[in-house]
Every structure is written in C-alpha cells, then in structure tokens.
Amino acid sequence: MLKLFISKTKDLEAREATVLMVLNGMYSNKHENLKTSIHIIGHTLTGRFLKTSNRCDRTIIDGIKEGIKSLAEKEIITILDQYNDNYIISNEGLEVDTEKDKFVVVELWELQKIFSEANKPFKVFDFFLNLVGTINNTTKEWHMSQDEMVSYWGYGKETINSYLEQLENMQLIYVYRHKKRRTDGTYHKINNSYGRYADKDKIIAEAQGYA
C-alpha cells in the first residue's frame with residue numbers, strides 16, 4: 001500500500017498539508033516533473049472520481065484547488081504549466097529527505113478512510129497528521145493532554161473531542177482512557193494514551209505501565 005510522507009518542519013494549513021502529501025505520493029524521482037490534475041488528486045484522496053454536481057465533492061475539489069494555489073504562493077511547490085485543472089509541477093519540494101528531516105508517514109488507505117467518512121475531511125486529516133506525528137515509534141503510543149493539543153495545534157476542546165471520536169469510529173486511532181483511583185476513591189487524572197488502532201495491544205500495555 002502506498003505510503004505518503006510529509007516533513008514536520010513545514011508549517012502548513014490543513015488543505016496545504018493534504019495536497020502536499022498526495023503530491024509526495026505521486027512523485028517519482030524517475031521524472032523531472034509531475035503531471036497531475038484536480039480530478040486525479042481527488043481520486044487519490046477518496047478512491048473515486050469526484051462529481052461537481054455533489055456538494056460534498058465540490059467542497060473537496062475547492063479545497064484541492066486552494067491547497068495547490070496556496071502551496072505555490074508560498075513557493076513550497078512550483079507550477080511549471082497549467083491548463084484549466086491540469087498541472088505540471090516541478091519535483092523540487094515534493095521529496096522528503098528521510099535521512100535529515102523529521103517526518104510523518106500516513107498510508108493511503110488511512111487518508112481515503114478519512115476523506116470518505118469525516119465531516120470535515122481536510123481538518124480531520126490535519127488533526128490525524130498532528131496526532132500520529134507525536135506517537136513514539138518504539139512504544140507506538142503517546143499521552144498528550146487535550147490542553148496541550150489546544151495550545152500546540154489551535155483546536156478547541158469540542159473540536160478535538162469530535163475529531164478523536166470520528167477517528168476512533170473509523171478505527172484509525174485507539175484511545176486508552178485511564179480511570180486510576182486514589183486510595184480515597186477519587187480519580188487520579190492521567191493523560192489518555194493513544195496511537196494507531198492497529199497497535200491497540202501495545203497502547204494498552206504501555207498505558208497501564210505509564211499509569
């Protein structure tokens with residue numbers, strides 16, 4: 001399954017990050033540039049061709065266009081030629097140096113799951129990127145508090161809870177919620193532990209040790 005990479009060093013808005021990850025997946029060092037279109041990017045995001053007659057599909061199409069435009073304006077990508085919704089984009093800026101850069105890896109099916117089921121796919125995917133970017137590669141989990149998520153990523157708590165719930169329902173994320181009691185019977189507050197759903201058993205084991 002195709003893996004998508006993005007550098008942690010780039011400060012990107014949700015649509016920019018999504019489009020850049022898709023372009024990274026399409027990138028090949030065998031060619032000097034990348035030939036693509038809005039509809040090909042849309043198909044990569046969702047696993048199907050988007051229809052302009054569908055309101056939700058139009059929102060995704062508009063998001064892709066805005067993402068490409070913004071990446072070009074920030075000079076993160078270089079558009080060599082364009083005709084309507086078809087683009088030739090320079091390979092420069094599309095490759096992630098995995099030897100030097102800190103980066104996040106997402107599998108294509110994870111991206112497509114979010115864009116098929118999330119209520120705000122660009123935002124939910126951006127949150128997912130931030131979340132998996134904190135996971136410890138060895139233990140496969142982490143335990144950042146929601147207050148820290150608010151501070152670092154700029155989401156409100158209601159939004160965080162909504163996005164976490166959606167990702168849990170999609171079985172992309174597993175959250176272990178601690179209920180550790182003190183000797184007096186009250187709960188001792190411990191940050192929830194989380195990671196990819198596929199690592200559920202490791203998350204539970206690490207969370208119990210952490211508690």
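Colleague: Taking helices (H or I, at least four residues) and strands (E, at least two) as DSSP runs numbered from the N terminus, in which helix is L71 found?

Modeller: L71 is found in helix 3, which covers residues 55-73. This is a predicted model, in which local features need pLDDT of at least 70 and side-chain atom pairs count only at pLDDT 80 or more, while totals for chains, interfaces and linings use all residues. Residues are numbered from 1 along each chain as its sequence is written, and side-chain values use heavy atoms, with hydrogens and water left out.

Colleague: Is L71 buried or exposed?

Modeller: L71 has a relative accessible area of 0%, so it is buried (under 20% relative accessible area; exposed is over 50% and partly exposed in between, with a 1.4 Å probe and protein chains only).

Colleague: What does L71 touch?

Modeller: Leaving aside residues up to four places away in sequence, L71 touches L12, E16, V19, L20, I76 and I77, where contact means heavy atoms within 4.5 Å.

Colleague: Which residues of helix 2 are buried?

Modeller: In helix 2, the buried residues are I38, I41, G42, T44, L45 and T46. They pack against helix 1 (14-26), strand 2, helix 3, strand 4 and helix 4. Just after helix 2, G47 has a positive phi of about 80°.

Colleague: At what angle do helix 2 and helix 4 pack?

Modeller: Helix 2 (residues 38-46) and helix 4 (residues 108-117) pack at about 95°, with their axes 6 Å apart. Axes are lines fitted to C-alpha atoms, for helices over the stretch in contact, and angles run from 0 to 180 degrees between N-to-C directions. Helix 2 is therefore roughly perpendicular to helix 4, a class that takes angles of 65 to 115 degrees (under 35 is roughly parallel, over 145 roughly antiparallel and the rest oblique).

Colleague: Which residues meet there, helix 2 to helix 4?

Modeller: From helix 2, H43, T44, L45 and T46 meet L108, L111, Q112, F115 and S116 of helix 4. By class, this contact has four nonpolar, five polar and no charged residues. Nonpolar covers Ala, Val, Leu, Ile, Met, Phe, Trp, Tyr, Cys and Pro, charged covers Asp, Glu, Lys and Arg, and the others, Gly among them, are polar.

Colleague: Turning to the open sheet of three strands, what is its order?

Modeller: The order is 2-4-3, with antiparallel pairing; two strands pair if DSSP finds at least two bridges between them. Strand 2 (33-37) and strand 3 stand at the edges with a single partner strand each, so one side of each has no neighbour in the sheet. The twist averages 15° from one strand to the next. Five bridges join strand 2 and strand 4 in the antiparallel sense, and N33 stands opposite S90 in strand 4.

Colleague: And strand 6: which way do its residues point?

Modeller: In strand 6 (residues 173-176), I173 and V175 point one way and Y174 and Y176 the other way, and all are buried. Strand 6 runs antiparallel to strand 9 (residues 193-196), joined by four bridges. Y174 has G195 as its bridge partner in strand 9.

Colleague: How many aromatic pairs does a search of the whole structure find?

Modeller: The search finds eight. In one of them, the rings of F127 and W153 have centres 5.8 Å apart and planes at 85°, so the pair is edge-to-face. The pair links distant parts of the chain, F127 in helix 5 and W153 in helix 6, 26 residues apart. Rings of Phe, Tyr and Trp (its six-membered ring) pair if their centres lie within 6.5 Å, with planes under 30 degrees apart stacked, over 60 edge-to-face and the rest tilted. F127, W153, Y155 and Y163 form one aromatic cluster, and F127 is buried at 0% relative accessibility.

Colleague: Last topic, backbone: what is phi of N84?

Modeller: Phi of N84 is near 55°, a positive value in a residue other than glycine. N84 lies in the loop between strand 3 (79-83) and strand 4 (86-90), and is exposed, with a relative accessible area of 53%.
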